[in-house]
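Here's a quick walk through a fold, from its domains to its sheets and its ligand. Have the 3D view open and follow along.

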Amino acid sequence: MTASWCEGNEARILAGVKAYFIQESWWGHETPAEFTLQLIDCGDILEDPFAGLLLVEIDQHGSRKPAHVVPLIVGIEPVNAATDSHAPVICSVGDVAITDGMHDARVMHALRQAVHTNTALTLEHGELLLHRHASVQGDPGNGDALEIHTESTNILAIMGTEQFKIQRAVEWGDVIELTRIDALIQAGFARMPRLLGWIEYRRTHEERTLVGILSEHVPGSHTGWEQARNAASAFAKNPADTLVEEFESSIMAIATMTAQMHDAFLTTPTPYHKAVRASQEEVAGWAAVMLAGWDECRSIALRAGLDISEAMDRTVRALYEETAAMTDVGMLSHVHGDFHLGQTIWSESRGWNVVDFAGDPVLPLEVRNGVACPLRDVASFLRSLDYAVVGQLHERGNRVSAEQLDEWSDRLHRLFWTTYMQHVHARWALPRTDVHAELVFTAFQCEKACWQLSVELQDRPEWADVPYRFLQRLTRARDVLHQASVPELSRPESLE
Ligand SMILES: Nc1ncnc2c1ncn2[C@@H]1O[C@H](COP(=O)(O)OP(=O)(O)O)[C@@H](O)[C@H]1O
Ligand SMILES: [Mg+2]
């Protein structure tokens with residue numbers, strides 16, 4: 001698939017790719033109704049099996065999102081032979097069939113070999129690096145059968161003990177997942193699957209993007225989300241069930257791992273994004289965004305007929321105002337960026353591990369790429385925990401009340417928070433006192449819950465009660481506390 005062949009057939013290739021995207025609902029339910037494609041680059045990656053990369057830019061009409069780059073790993077075969085590979089045919093051009101190489105075991109195994117042997121390829125407009133991480137040594141072997149898992153944002157090709165995560169759509173400059181994993185490796189953090197290598201496309205220094213990551217596959221693992229849902233279901237039948245106790249131990253283990261991850265991010269020797277102290281203007285900016293989020297949430301809720309009491313309104317505003325008034329909220333560093341129960345995996349051999357450092361896909365790239373307060377990770381994790389536990393109230397056959405689920409969720413929150421605070425060594429990086437740390441983290445949680453309530457009321461009204469119940473609990477808890485004002489302490493010079 002030489003560049004000149006692609007250029008000669010560009011219109012036919014793009015029409016075929018577009019039809020394939022629509023037919024396969026390439027982005028799941030998010031496949032845009034109207035979009036145009038433009039070919040950025042194409043070229044051979046391998047000669048045998050014959051595989052290439054098609055890099056196209058997708059422009060979604062009417063979308064506020066910038067154009068995305070879609071890296072397509074394709075197999076190229078004579079039309080007659082293509083049916084043997086079992087990979088879906090994207091389109092045929094003359095007597096050549098372009099297949100979806102992600103579903104072709106031969107292509108994926110060969111790509112893996114190319115990563116292990118550090119292959120750099122010059123394409124028509126840029127360079128493709130299939131790179132092995134410096135720590136990997138020895139022969140990778142052949143791996144076993146290929147298994148494909150597809151998600152909306154990427155495809156996971158599993159080959160025995162290794163896996164490729166190939167992005168479905170990325171932006172120029174989007175290499176944050178690699179940067180963060182590398183930062184954690186440099187800091188000696190071991191609670192994640194081992195990075196083996198990556199595929200990167202570079203057109204210019206700024207125009208570079210991560211096509212995929214090759215890492216160790218942890219066999220027989222389950223996610224924290226699965227364990228939480230099983231535990232919530234067991235709790236609903238019998239709060240004394242052993243699964244409940246086991247899950248509480250898991251929460252402590254995950255909280256400890258979270259503290260270790262943040263310690264590593266705060267002390268990493270990586271040159272990217274050194275930790276910096278949050279300025280007061282920055283914090284005031286967060287509070288303004290939080291307040292705007294609350295105003296929007298409140299009006300959506302009122303329109304939906306939900307009772308937003310004066311006490312709730314007062315509580316949320318006071319929480320944000322107190323946060324804005326803080327003179328020191330600690331350091332901003334790399335963070336996980338999209339931390340929730342589904343990003344933690346447990347296996348017999350490794351215990352808890354954390355995965356997926358690509359950041360929150362709903363945030364713009366410059367935000368995902370930047371530094372943030374580590375307590376945002378804690379807040380977003382606890383929101384997912386609340387969904388797993390309180391979401392149980394939607395199931396049938398529960399023997400406990402919604403209030404008991406609320407109480408258990410609160411208990412798990414406290415367990416996570418106290419374990420995290422006990423284990424984080426870089427205490428200097430967090431707000432100065434425990435009271436201040438809790439205030440900031442509660443504000444982040446509240447912000448996330450408000451956003452969730454707005455989104456649920458619009459998209460899944462039956463789920464709105466989960467974030468709403470959280471806001472009610474927050475209102476009750478802070479009403480009790482509220483009269484005890486939070487002392488603002490300035491940081492002694494020696495700690496600067
Ligand atoms: N190294 C791994 N070993 C085993 N399972 C994994 C591994 N990495 C990811 N997974 C599983 O695949 C799911 C999706 O992977 P993830 O990296 O979180 O991508 P995304 O959420 O962006 O689709 C995870 O929730 C986890 O269940
Ligand atoms: Mg994930």
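How many residues of domain 1 are in contact with domain 2, and how many of domain 2 with domain 1? The count is 19 residues of domain 1 against 22 residues of domain 2. Keep in mind that this is a predicted model.

## Two domains

The chain splits into domain 1 (3-27 + 34-216) and domain 2 (222-495). Their centres, taken over C-alpha atoms, are 34 Å apart. On the domain 1 side of the contact you'll find eight nonpolar, five polar and six charged residues.

## The five-strand sheet

One open sheet has five strands in the order S1-S2-S3-S5-S4, with antiparallel pairing. Strand S1 (35-46) and strand S4 (89-93) sit at the edges with a single partner strand each, so one side of each has no neighbour in the sheet. On average, neighbouring strands here are turned by 30° against each other, direction ignored.

Zoom in on S1 and strand S2 (residues 51-60): they run antiparallel and are joined by ten bridges. Leucine 39, for example, stands opposite valine 56 in S2. Two helices pack on this sheet. Helix H2 (residues 10-24) touches S1, S2, strand S3 (68-78), S4 and strand S5 (96-100), and its direction makes about 155° with that of S4. H4 touches S1, S2 and S3, with its direction at about 65° to that of S1.

## The seven-strand sheet

Another open sheet lines up seven strands as S6-S7-S11-S12-S10-S9-S8, with antiparallel pairing. Its edges are strand S6 (119-122) and strand S8 (146-150), each pairing on one side only. The twist from one strand to the next averages 15°.

Within this sheet, S10 and S12 share five bridges in the antiparallel sense, and lysine 165 has isoleucine 213 in S12 as its bridge partner. Helix H4 (residues 105-116) turns up again here, packing on the sheet with its direction at about 75° to that of strand S7 (127-132). Helix H5 (residues 176-186) lies across S11 and S12, at about 50° to S12.

## Around the ligand

Which residues come nearest to ligand 1? Of the 19 residues around it, they are Glu151, Pro193, Val218, Val355 and Asp356. Strand S9 (154-159), strand S10 (162-167) and strand S12 (208-216) are the elements that each give two or more residues to this shell.

Sorted by class, the shell holds six nonpolar, nine polar and four charged residues.

Terms used:
Residues numbered from 1 in each chain as written. Chains lettered and ligands numbered in written order. Predicted model: local features only at pLDDT ≥ 70, side-chain atom pairs only at ≥ 80, totals over all residues. Near = placed C-beta within 6 Å. Helix = DSSP H or I, 4+ residues; strand = E, 2+ residues; numbered from the N terminus. Nonpolar A, V, L, I, M, F, W, Y, C, P; charged D, E, K, R; others polar. Pairing = 2+ DSSP bridges. Axes fitted to C-alpha atoms, helices over the stretch in contact; angles between N-to-C directions. Contact = placed C-beta atoms within 7 Å. Domains from an automatic or database assignment.
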